[in-house]
Amino acid sequence: MRGEHVYLIGFMGSGKTSVGVLLGPALSLPFIDLDELIVSAEGRSITSIFAAEGEGHFRQIEARLLDQVLDSPPAVVSLGGGTFLPLENRRSIQERGVCVWLKVSLEEALERCRSEPGRPLARDVANFSKLYERRQPVYGRCDVHIETDRKTPENICREIVLRLEEKENALD
Ligand code: S3P
C-alpha cells in the first residue's frame, strides 16, 4: 500500500514471520518482525522476559517498541500474536496502515507451535485453545482476512499482494 505500513496479525503459528520475509521484498518494503525487535532490544529471549518479569512487563515492552515501529518509514511488520489485542495498540495500528489477518485453524496452529519452542503461551494446550477462541473476533476486526491452512508462505504472499492491489484499485 502506498506510503503505509502493512501489518501481519494472527495467532501464534499463523505464519506471520515466514510470510513477512517474502512479503517485504514483494511489496518493495523493509520487513520488521516485532518479536525479533523485542529480543534484540532486550538482549534476551521472550521466554526469559516472561519468566523473569511476567507477561505484563512483556506487553509494556511490546507496546513501546510498537510505537517506535509506527513512527518508522513504511514497512511490512509482523506483529506478535497478542499485539493487536489491547485497544490502544489496535487504534494506533489501524490509524497507520493496513492490517492483514493470517487465519489459521486451532489444529494447524497447535501443530506448527509444537515443533517450535520459545512461545511461553503455547506450552499449555488448554490455555492455548482458550486464547485462540477469545482472540478470533478481535483479529476479525482487521482489514484483510487470508486463510492459511495447507497453503505455502509463497502462495499466501501472492494472495496478499493481489488482495492489496484490489484494495488499492478500489480506492483509485
Ligand atoms: C504471543 C505471541 C508470540 C510472542 C509472545 C506472545 C501471544 O508471537 O509475541 O510469545 O500473546 O500470542 P508469535 O505470534 O509470533 O508467536
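In which loop is Arg-150 found? Arg-150 is found in the loop between S5 and H8, where helices (H or I, at least four residues) and strands (E, at least two) are DSSP runs numbered from the N terminus. This is a predicted model, in which local features need pLDDT of at least 70 and side-chain atom pairs count only at pLDDT 80 or more, while totals for chains, interfaces and linings use all residues. Residues are numbered from 1 along each chain as its sequence is written, and side-chain values use heavy atoms, with hydrogens and water left out.

**Sheet**

- Five strands form an open sheet with parallel pairing, in the order S2-S3-S1-S4-S5, two strands being counted as paired if DSSP finds at least two bridges between them.
- The edge strands, each of which pairs on one side only, are S2 (31-33) and S5 (144-147), and the twist averages 20 degrees from one strand to the next, with axes taken as lines fitted to C-alpha atoms and angles running from 0 to 180 degrees between N-to-C directions.
- Tyr-7 stands opposite Cys-99 in S4, and Leu-102 stands opposite Ile-146 in S5.
- Strand S4 (residues 97-103) is largely enclosed by the rest of the structure, because six of its seven residues are buried, that is, under 20% relative accessible area, as against exposed at over 50% and partly exposed in between (1.4 Å probe, protein chains only).

**Cysteines**

- A search of the whole structure finds zero disulfides, a disulfide being a pair of cysteine sulfur atoms within 2.5 Å.
- Cys-99 is in no disulfide, and the nearest cysteine sulfur, that of Cys-142, is 5.1 Å away; Cys-99 also counts as buried, at 0% relative accessibility.
- The sulfur of Cys-157 is too far for a bond, because the closest cysteine sulfur, in Cys-142, is 16 Å away; Cys-157 is likewise buried, with a relative accessible area of 7%.

**Backbone in two loops**

- Most residues other than glycine have a negative phi.
- Ser-28, although not a glycine, has a positive phi of about 55 degrees; Ser-28 lies in the loop between H1 and S2 and is exposed, with a relative accessible area of 66%.
- Arg-150 has a positive phi of about 60 degrees without being a glycine, and Arg-150 is exposed, with a relative accessible area of 75%.

**Largest pocket**

- The largest pocket has a volume of about 730 Å³; on a 1 Å grid over the protein atoms alone, a pocket is an open set of points where a 1.4 Å probe fits, with protein on both sides within 12 Å along at least five of seven lines, and a volume is the space filled by probe spheres set on the points, which are joined across faces, edges and corners.
- The largest pocket is lined by 35 residues, of which Gly-13, Lys-16, Thr-17, Asp-35 and Arg-119 lie nearest its centre, lining residues being those with an atom within 4 Å of a point.
- Helices H1 (16-26), H2 (34-42), H3 (46-53), H4 (55-70) and H8 (153-171) each supply at least two residues of this lining.
- The lining of the largest pocket divides into eleven nonpolar, 13 polar and eleven charged residues, where Ala, Val, Leu, Ile, Met, Phe, Trp, Tyr, Cys and Pro count as nonpolar, Asp, Glu, Lys and Arg as charged, and the others, Gly among them, as polar.
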